[in-house]
Amino acid sequence: MANIVQFENVGLRYGNGPETLSDISFALAPGSFYFLTGASGAGKTSLLRLLYLNQRPSRGIIRLFGEDAVTMPRSRLPGFRRRIGVVFQDFRLVPHLSAADNVALPLRIAGMPEAEIAEPVSEMLAWVGLAEQADAKPETLSGGEQQRVAIARAVIARPEMLVADEPTGNVDPEMAERLLLLFDSLNRLGTTVVVATHDIHLMQQVPGAQMMRLVKGKLQDPTGTLRHPPAREPA
Amino acid sequence: MSRAASPKAERTRRVLDEARGVRAMVWIIAIMLFLTVLGAALGLATRNAASALEGELTGRATVQIVATDPARQAAQATEALAMLRGLPEVRAVQAVDREELAALLKPWMGTDGADPDLPVPAMIDLDLATESPAALARVRSALRQVAPDARVDAQEAWMAPVADFLDLVVLIAAVLVLLLAAATAAVVVLAARAGLDAHRHTIEVMHMLGSTDVQVARLFQRRIARDAAIGAAIGSLAAIGMLLLVNAQAAELGSQLLGQASLGPSGWAALAMLPIAFVLLAALAARFTITRALETVL
């Protein structure tokens, strides 16, 4: 099966500064689970931004879903972004929308009929334990609750790839485990999952997952498995 | 989820925060429309007055016979009258009698204008069958045969400066309406840019969730069009109210010129179209501004 993501000698530089990411080469198989780790400032968020098409690289080749994401016309980006779920480190919830409406946003953007939105939104909020807070505005929710809303929003449209930046950083261990279970369930349904985290304990809970480690903007791949990733068979 | 159907839920799910920012644009558009409707009304009424004046004067001419000998003058007038009645270029002939002339002179000369010894020209009003200069030339030529002291003046020529002035007023009104439309578009562009800045965070999120530029632009377009519609309604109604008041006062004056300067059904219809045109203009300006601005971000 073709790789869902392929990076070849990718470099990223902001303005005239030094390269934040250098010579990044890896491939992600569809339906696999990856953890991205590295010290603060190693370039994890920059790598994720390239993955969710928030940034174009300064050099190199990125192929996403089999297409060249570097030269892809801007007009095609929304269609590709809809295939990717993103959990931002700072949640990025729309402050004046309720939790339910924040979760429903990807479905509305995708043009789903209004009558078909309510049920999956309710189910998703129940799954992340926020059924009672459906009408609550983000400012009234705790950090952990906001993070769960952000996760629900990222996964509600069943993306082909889920990219999460420190998704369990603000939740208690029990909720972190539950959220990871959600990611794992999604992964078993065929979604490729990339989670940036420092949490070793979290990584240990997904035995089949592979690890990408960034050190000062360079990807450490001593085993070479990231270049030839084994696909995880959907359940 | 029953709340999805309620108007309150509809309001809360609006992606752009409705509570943010003072809706100054409503009042700016209201003032713009107020001035535009008044400007357009001035232009349309003046154009109608100019058309009415042109209709009244076109094809009309006045013959003046001025001779030092009153008997010669009277004789030439009688012969000219008879000759003109037989010309195919002339549709109607009407001699202006001494009493009418005295009435015309009264504002300047008072009762002295009625003095029978006062030398006044003999005058004949003509309605020409055709409006061509050639027809007028033939009339002049024929008159020269029977009344060498006659002079023929097309009434249109007398009123040409007035007609030119009215045309200028119409032009000024048209320029005023265009300038106000341009100013309205500029206001909308500024409002749209301010809206983009105010909602940058939300727009970034929408983009990352796969929203297209058109989807984002549509949010602003809808909101700005609604504000423009409210403003346009307020401004137009205020202007129309003022026009009705002016119309009523003009009717009381009983002035012939002011009567001709009425808007007419087509004028009122054109004024009614202005708010619709401005709302469309605002929506288009908003869409153009937002899509252009979004093109600069990934």
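**Notebook: chains A and B of a predicted model**

I began with burial in chain B: of its 298 residues, 30% count as buried. A residue is called buried if 20 or more other C-beta atoms lie within 10 Å of its own, exposed if 12 or fewer, and partly exposed in between, with C-beta atoms placed from the backbone.

I noted the conventions next. Residues are numbered from 1 along each chain as its sequence is written, and chains are lettered from A and ligands numbered from 1 in the order in which they are written. The model is predicted: local features need pLDDT of at least 70, side-chain atom pairs count only at pLDDT 80 or more, and totals for chains, interfaces and linings use all residues.

**Confidence**

I looked up the scores and found ipTM 0.85 and pTM 0.71. The mean pLDDT (the predictor's confidence in each residue, from 0 to 100) of chain B is 83, and 90% of the residues score at least 70. Over residues 1-5 of chain B the pLDDT stays under 50, and the model has 6 contacts beyond four places in sequence for them. Where pLDDT is low, the predicted coordinates should not be read in detail.

**Chain B layout**

I counted 11 helices and 4 strands in chain B; these are DSSP runs numbered from the N terminus, helices being H or I of at least four residues and strands E of at least two. Domain 1 of chain B covers 18-54 + 161-294 and domain 2 covers 67-148, with bounds from an automatic or database domain assignment. The centres of these two domains, taken over C-alpha atoms, are 52 Å apart. I also checked contacts, meaning residue pairs whose C-beta atoms, placed from the backbone, lie within 7 Å. Of those in chain B with a separation of 6 or more, 88% join residues 24 or more positions apart.

**Where chain A meets chain B**

I found 22 residues of chain A and 16 residues of chain B in the contact. On the chain A side, α2 (77-81), α3 (99-109) and α4 (118-127) each supply at least two residues, and α3(A) gives the largest share, 4 residues.

**The sheet of chain A**

I traced an open sheet of 6 strands in chain A, ordered β6-β7-β8-β3-β9-β10, with mixed pairing; strands pair if DSSP finds at least two bridges between them. The edge strands are β6 (84-87) and β10 of chain A, each pairing on one side only. Strand β3 (residues 33-38) and strand β9 (residues 210-215) of chain A run parallel and share 5 bridges. Within this pair, Thr37(A) stands opposite Arg213(A) of β9(A).

**Single residues of chain A**

Which residues did I find with a positive phi although not glycine? Leu53(A) has one of about 60°, and Phe91(A) one of about 65°. Leu53(A) is in the loop between α1 and β4 (59-64) of chain A, and Phe91(A) is in the loop between β6 and α3 of chain A.

Why does Leu53(A) count as buried? Leu53(A) does so because it has 24 C-beta neighbours inside 10 Å. Phe91(A) also counts as buried, because it has 21 such neighbours.

Thr225(A) is partly exposed because 15 other C-beta atoms lie within 10 Å.

Conventions: Contact = placed C-beta atoms within 7 Å.
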